Amino acid sequence: MEHLSFDRRRFGPVAAAVLIVLLLAAACTGGGVQAPTKGDIVVYVAVPLSGFQANAGQTVLGGVRLKAAEINAQGGLMGYRVVVEALDDESDSDVAVAVADQVAQEVTAGKAVLGVVGHLNSGQTLAAMEIYKDLGIVVITPTASEVSRTAITPP
């Protein structure tokens, strides 16, 4: 498999907007658009996919998958196919840290990771953010409400 050159800094400004769009309501797509040709970029969805909050996690995952399919049907993101990969944090902070470690390993290994949509809860978001913060990827939580994490602060 050919190694893709993926510069996260080039996608930084676009990445935040794209991940936000992934969470919004789906828009209609048209036909006749060329398929993505530059390779794949990954968006992880780190939410509870099992346990007592699985329904909420599955809802978030389904929304992200739907929007990714629509983006791909329109030619992808700047020619890249958006691939959604689900990660189950089980609504557990220790598991969320393990999930974040997995993402960090993938980024460090050179995988083209655009960002993470997750976590569902503030506790898991805060725990995982300690790892995500140094990765150079975008992280958007769809539902966590911890006040310290709801405002964008410049670096």
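Reader: In what sense do strand 1 and strand 2 pair, and over how many bridges?
Author: This is a predicted model, in which local features need pLDDT of at least 70 and side-chain atom pairs count only at pLDDT 80 or more, while totals for chains, interfaces and linings use all residues. Residues are numbered from 1 along each chain as its sequence is written, and side-chain values use heavy atoms, with hydrogens and water left out. Strands are DSSP runs of E with at least two residues, helices are runs of H or I with at least four, and both are numbered from the N terminus; two strands pair if DSSP finds at least two bridges between them. Asp40 has Arg81 in strand 2 as its bridge partner, and strand 1 and strand 2 pair in the parallel sense over 8 bridges.

Reader: In what order do the strands of the open sheet stand?
Author: Strands of a sheet pair through backbone hydrogen bonds, either parallel or antiparallel. Here 4 strands form an open sheet with parallel pairing, in the order 2-1-3-4.

Reader: Which are the edge strands?
Author: An edge strand of this sheet pairs on one side only, and this holds for strand 2 (81-88) and strand 4 (138-140). Strand 4 pairs with strand 3 (residues 113-118) in the parallel sense over 3 bridges, and there Val117 stands opposite Ile140.

Reader: Which strands does helix 2 lie across, and at about what angle does it run to strand 2?
Author: Helix 2 (residues 54-73) has 20 residues and reaches 28 Å from its first C-alpha to its last, close to the 28 Å expected at 1.5 Å a residue, where the expected span is 1.5 Å times one less than the number of residues. Axes are lines fitted to C-alpha atoms, for helices over the stretch in contact (heavy atoms within 4.5 Å), and angles run from 0 to 180 degrees between N-to-C directions. Helix 2 lies across strand 1 (40-47), strand 2 and strand 3, and its angle to strand 2 is about 170°.

Reader: What percentage of the residues of the protein chain count as buried?
Author: Buried means under 20% relative accessible area, exposed over 50%, and partly exposed in between, with a 1.4 Å probe and protein chains only. In helix 2 the buried residues include Val60, Leu61, Val64 and Ile71, and Lys67 and Glu70 are also among them. Of the 155 residues of the protein chain, the share that counts as buried is 42%.
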